[in-house]
Amino acid sequence: MAQEKVGRIMAHQVPLNYIFYIAATPAKVWEGFVSPESNRILFMGAELEADFKPGGSMAWVGPGPDGKPVAYVHGKVLRFEPPKLLQYSFAMGQNDRMSRATVELVPETEATKVTVTHDEWAEDDTTYTACADGWPRILSRLKTLIETGKTFKPH
């Protein structure tokens, strides 16, 4: 019985949770998440194409290896409440298995608390590991960009 329980737990993709504090107002941090300018910087030239309303499409599109546009990430807006909550379905590349990303911004005295929860993973979603590695990089790059006006290469 213990073996069976362990097997089920290990097969389940646990939610990814990250908390960062950025020395800026929620409005400025919000802009960092949704503005075309910051997205181009954060995602090495990829454009955020989004219809920011529940049910609207979202995609980060950039040049592929052959130079043609490719959607690196795609999904749908689930909740859009500027400047405090953005929730969207998420799939990478050609993957059709959707997960859910939630970004919450809460004002602090001199900073904004940024909480990212990436959950509702399919057990066989192969992009889980890439997201577990990618979120800390993205959030660190965003924090640096907002606080200093520049950032660093992701790898």
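**Sheet and helices in a predicted model**

Author: An open sheet of 7 strands, with antiparallel pairing, has the order E1-E7-E6-E5-E4-E3-E2. Strands are DSSP runs (E, at least two residues), as are helices (H or I, at least four), numbered from the N terminus; two strands pair if DSSP finds at least two bridges between them. This is a predicted model: local features need pLDDT of at least 70, side-chain atom pairs count only at pLDDT 80 or more, and totals for chains, interfaces and linings use all residues. Residues are numbered from 1 along each chain as its sequence is written, and side-chain values use heavy atoms, without hydrogens and water.

Reader: How many bridges join E1 to E7?

Author: There are 7 between E1 and E7 (residues 112-119), and the two run antiparallel. Tyrosine 18 stands opposite valine 116 in E7.

Reader: Turning to helices, what does H4 lie across?

Author: Helix H4 (residues 128-148) lies across E1, E5, E6 and E7, at about 5° to E1. Axes are lines fitted to C-alpha atoms, for helices over the stretch in contact, with angles from 0 to 180 degrees between N-to-C directions; contact means heavy atoms within 4.5 Å.

Reader: What does threonine 144 contact, leaving aside neighbours within four places in sequence?

Author: Threonine 144 is in contact with Gly149, Lys150, Thr151 and Phe152.
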